[in-house]
Amino acid sequence: MRGEIVSRPVVLMHREEAVAGNLSLVGEDTEDRVGRFVLECAVEGLRFRGEGSDVTAALDALRSRLEAADLLIQVAGAEPDVVVSPMSRQMGQGRRGYRVQIGRPADRDAMVDVLEPAKHGVTLAEQSDAANRWYRSLADRSDHGRVQSPIALQDEMAGRTLAATKVPNELHLAVDGAGQPVTVPFDRGRSSVFAYSVADDRPPARGTATQPVSREALVEDERSGRFAVQVDAAADHGDGLSVLHRPARRPGVLSIPPEHVRALPLSAAQGIWAEIVVRSSGPDSAWTLFTTGADARRLSLVLDPDPDAWCIRVVAALGPRPHPEVFVVNRPDALPRAWRRAARHLLPEPPPPRPPTA
C-alpha cells in the first residue's frame, strides 16, 4: 500500500456555486503496519485534509473539514443513497459502497467507488438521515423486525475506528483583559495555560478572549517547563489534550489480563472531544480502558449498535477538533484482541439494536 497515490479533479459546491478542485488519496503503512489513509483536497489555494483507517473514514474526516468552510464535495461517497458496509471497510479498505433504494436490500451489482465524481453530494448529517431511512424501510419488510441486509445485520460483530486527529498548528490561547494568558496552578511550580482548536470553544469563565498562537510556540513552552499546555479543556475542568504529538502505542496481540486493566467512563474531564463523544453516545456507552505502570496503555471506546452511523454523527460533531483514536463497536468481541477479555469483564452489557421508528 505504501506509495499508492490517486489524484483526480473534483467539483465542490459552495452554497449554490460549483468550484473546481483536486482530490488526492494517499495510502500509507505506519511503522506497526496498520493501514492509514490520507485524503487531501485542494480548492482555490486552500488545502483540506482527512485521515482514517479506511478510505471512507478519511473521506468522512475530509468532508467534516470542508463543511466547516461551507463546501460540499461531489463524490459518490457523499451522496445520500450510498452506504458503505462494515465488510467493505474491513476487507476492501472502505473504497466501495452500495447505491441503495428505499425498501430494497443492498445489491452487489450497484456498488460504486466512493471517490468517483457525483452530482448530489450532501452533508454528513443529511447522509446519515438518509441511511437511517433506508435501514427503517428494510425493517418494515423484514421477518420479526430484523433487517435482512448484508450491511445492517445487528446480530453480527461490527466495529469502526474513528481515526485520531492531531492538534492543529494554529490554536487560540485563552487570555485575560490585559491580553495575558489565563493560568491556573498545575504542579511543581508550573501553571497551566489553555489553548483551543476552535476559538468559540473557550468557556466564558476562562478569560475574556483568545489570541492566535502556533502549536510550535506552545510546544516550546511545554518542553521548557514554563507552562503546562492544555488543549481543548472543557468548562470547569483543568485537563485537556497534550500539545505534544506522541505516537499512539499499539497493544499487541496478547490478551491483557482483566486484573491489570481499569475502566473509566469518558467525561468532559478528559477534554472537549470526550464531552462531544459522551453527548453523542448512549448511557454508560463511552469508556477508557487503561493499564498503569511502565507499560501503560490506553484505549478509548464506545459501545453502539450501529458503529457506522455513530461515526458519521460524531465526525460532524467534532469538526476540526483534535482527539485520540476511538474504537466504536457493537460488542466487546469486536475490539482489538488484547483488550477483549478485559472489556467483557469490566464493561456493562452493550445496548441492544435500536428498534425501527416510524
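**Salt bridges and an open sheet in a predicted model**

Good morning. The side chains of Asp304 and Arg313 form a salt bridge, with an N to O distance of 4.0 Å; the term denotes a side-chain nitrogen of Lys or Arg within 4 Å of a carboxyl oxygen of Asp or Glu. Asp304 counts as buried at 2% relative accessibility, while Arg313, at 31%, counts as partly exposed. Here buried means under 20% relative accessible area, exposed over 50%, and partly exposed in between, with a 1.4 Å probe and protein chains only.

This is a predicted model, in which local features need pLDDT of at least 70 and side-chain atom pairs count only at pLDDT 80 or more, whereas totals for chains, interfaces and linings use all residues. Residues are numbered from 1 along each chain as its sequence is written, and side-chain values use heavy atoms, with hydrogens and water left out.

The structure holds 15 salt bridges. Another of them joins Asp308 and Arg160, at 3.3 Å from N to O. This pair links distant parts of the chain, with Asp308 in helix α6 (residues 307-318) and Arg160 in strand β9, 148 residues apart. Asp308 and Arg160 are both buried. Helices (H or I, at least four residues) and strands (E, at least two) are DSSP runs, numbered from the N terminus.

Let me turn to the sheet that contains β9. Five strands form an open sheet with mixed pairing, in the order β9-β18-β17-β16-β15; two strands pair if DSSP finds at least two bridges between them. Strands β9 (159-162) and β15 stand at the edges with a single partner strand each, so one side of each has no neighbour in the sheet.

How enclosed is strand β16? Five of the five residues of β16 (residues 286-290) are buried, so the strand is largely enclosed by the rest of the structure. Ala286, Thr288 and Phe290 cover one side, and Trp287 and Leu289 the other. In a regular strand, side chains alternate between the two faces of the sheet.

Strand β16 pairs antiparallel with β15 (residues 262-265) over four bridges, and Arg262 stands opposite Phe290. Five bridges join β16 to β17 (residues 298-303), again antiparallel, with Thr288 opposite Ser300.

Finally, Arg297 is found in the loop between β16 and β17 and is buried, at 18% relative accessible area. Its C-alpha atom is separated by 9.2 Å from that of Val261, 36 residues away along the chain. Thank you.
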